[in-house]
Amino acid sequence: RERLFVNLVHAECTLSDADYRALATATEGYSSSDITNVCREALMMPIRELGPAAASVAAGGLRSVKHADFLNALKTVRPSASRDHLE
């Protein structure tokens with residue numbers, strides 16, 4: 001799971017190795033698809049904060065994605081498969 005997070009978001013944010021490990025631990029029971037959804041949700045957080053003004057902001061004008069964005073994403077993206085299906 002840690003490697004999946006690194007592969008999906010390393011170019012868009014500057015998370016530490018400890019952050020990636022924490023996310024891997026927090027997503028135990030999540031499928032690859034679930035983790036992809038967590039990443040998508042977290043990457044959208046800076047855009048959503050701007051609301052309608054996001055349309056006029058230059059690409060470099062967005063804040064960086066933070067570890068807290070992933071934690072917030074985990075509040076809305078839940079595992080889609082039961083533990084039994086993943087084992």
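Modeller: Helix H2 (residues 17-26) packs with H4 at an angle of about 5°, their axes being 11 Å apart. H2 is therefore roughly parallel to H4; angles under 35 degrees count as roughly parallel, over 145 as roughly antiparallel, 65 to 115 as roughly perpendicular and the rest as oblique. Asp19, Ala22, Leu23 and Ala26 of H2 make the contact with His67, Phe70 and Leu74 of H4. Here contact means heavy atoms within 4.5 Å. Axes are lines fitted to C-alpha atoms, for helices over the stretch in contact, and angles run from 0 to 180 degrees between N-to-C directions. Helices (H or I, at least four residues) and strands (E, at least two) are DSSP runs, numbered from the N terminus.

The model is predicted: local features need pLDDT of at least 70 and side-chain atom pairs count only at pLDDT 80 or more, while totals for chains, interfaces and linings use all residues. Residues are numbered from 1 along each chain as its sequence is written, and side-chain values use heavy atoms, leaving out hydrogens and water.

H4 also meets H3. The axes of H3 and H4 come within 8 Å and cross at roughly 125°, so the two helices are oblique to each other. From H3, Val38, Cys39, Glu41, Ala42, Met45 and Pro46 meet Asp69, Phe70, Asn72, Ala73, Leu74 and Thr76 in H4.

H3 itself covers residues 32-50, 19 residues in total, and spans 29 Å from its first C-alpha to its last, close to the 27 Å expected at 1.5 Å a residue (1.5 Å times one less than the number of residues). A kink of about 35° lies at methionine 44, shortly before proline 46; the bend is the angle between axes fitted to the seven residues ending there and the seven starting there. Buried residues of H3 are Asp34, Ile35, Val38, Cys39, Ala42, Met45 and Pro46, where buried means under 20% relative accessible area, exposed over 50% and partly exposed in between (1.4 Å probe, protein chains only). These buried residues pack against helix H1 (2-9) and helix H4 (67-76). After H3 comes glycine 51, with a positive phi near 60°.

Asparagine 72, in H4, is partly exposed at a relative accessible area of 32%. Asparagine 72 and methionine 44 are 28 residues apart in sequence and 11 Å apart in space, C-alpha to C-alpha.
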